[in-house]
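Work through the following exercises with the sequence and the 3D structure at hand. Each task is followed by a solution in steps.

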Amino acid sequence: MKKLFLGALLLVFAGVMAACGSNNGAESGKKEIVVAATKTPHAEILKEAEPLLKEKGYTLKVKVLSDYKMYNKALADKEVDANYFQHIPYLEQEMKENTDYKLVNAGAVHLEPFGIYSKTYKSLKDLPDGATIILTNNVAEQGRMLAMLENAGLITLDPKVETVDATLKDIKKNPKNLEFKKVAPELTAKAYENKEGDAVFINVNYAIQNKLNPKKDAIEVESTKNNPYANIIAVRKGEEDSAKIKALMEVLHSKKIKDFIEKKYDGAVLPVSE
């Protein structure tokens, strides 16, 4: 009888400890923020934010993934609390292609003005007839890149089409008979180094990783005026007002993070607070 009583007591004790462990785990989960981010500049900015979040009682964990397409999937699948790598047009395009994604913008953090680079020419005006332009194959940025070429007077887009939605088929005039080639964003810097095109569009994050500064090395830099391409923190719908996401945005919009972005990237990346 005594053994039975002791056995029952041990079972109850084990149950209580398991419950405590479970509660501690849940509480721990509430105090951890997991963000999927590309290496540069996103993960670098988040690293700077770590101690500021710690002051607010949160531990920040950053996951750098190998492919753009993995970031929103990881967020939709609840593998992370947020991601930081994209702008609103890209997010909207992803949700068109993946109707099960229920994601929203929690706030913009920075803008990365697109740059066009050339090993041979000093200006877009110097490009010869039949020059090859290398674009990224990111559908959400086709209009962004084509707008830069239109602003430089190299092409004319169909006025009936919203610039942000424009694609190569919307080019109405191409007086220099420019030819276009698309490659993955992460391969554009390599294409530039290998002189695969006369002019190459390179996203700022890949430019920085390859020791390029848009202000100094690009032959054309995107205007920041009325620019819809600020990089955002994306979260699952309904979680944008959660305590952890509010804490994250407060830190990323703080003066310390703004100053860090301005100093470290020397104008190649610009802080945004929206």
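**Exercise 1.** In which helix is the place of P41?

Solution. The model is a predicted one. P41 falls within helix α2, which covers residues 39-55. For context, most peptide bonds are trans.

**Exercise 2.** Find where K211 and D266 lie, then classify the exposure of each residue.

Solution. Start with K211, which sits in the loop between α7 (204-209) and α8 (214-217). Phi of K211 is near 65 degrees, a positive value in a non-glycine residue. The cut-off for exposed is over 50%; K211 has 76% relative accessibility, so K211 counts as exposed.

Turn to D266, in the loop between α10 (255-265) and β13 (270-271). D266 is not a glycine either, and its phi is positive, about 50 degrees. Because its relative accessibility is 33%, D266 counts as partly exposed.

**Exercise 3.** Describe the largest pocket and its lining.

Solution. The volume of the largest pocket is about 340 Å³. Its lining has 17 residues, and R144, A147, N151, E222 and S223 are the closest to the centre. Helix α5 gives the largest share, five residues. By class, the lining divides into seven nonpolar, six polar and four charged residues.

**Exercise 4.** Which domains each supply at least three residues to the lining of the second largest pocket?

Solution. The second largest pocket holds about 270 Å³ of space. Of its 16 lining residues, those closest to the centre are Y68, K69, Y90, N137 and N138. Domain 1 (32-112 + 229-271) and domain 2 (115-221) each supply at least three residues of this lining.

Conventions
Residues are numbered from 1 along each chain as its sequence is written. This is a predicted model: local features need pLDDT of at least 70, side-chain atom pairs count only at pLDDT 80 or more; totals for chains, interfaces and linings use all residues. Side-chain values use heavy atoms; hydrogens and water are left out. Helices (H or I, at least four residues) and strands (E, at least two) are DSSP runs, numbered from the N terminus. Buried means under 20% relative accessible area, exposed over 50%, partly exposed in between (1.4 Å probe, protein chains only). On a 1 Å grid over the protein atoms alone, a cavity is a set of points where a 1.4 Å probe fits but cannot get out, and a pocket is an open set with protein on both sides within 12 Å along at least five of seven lines; lining residues have an atom within 4 Å of a point. Grid points are joined across faces, edges and corners, and a volume is the space filled by probe spheres set on the points. Ala, Val, Leu, Ile, Met, Phe, Trp, Tyr, Cys and Pro count as nonpolar, Asp, Glu, Lys and Arg as charged, and the others, Gly among them, as polar. Domain bounds come from an automatic or database domain assignment.
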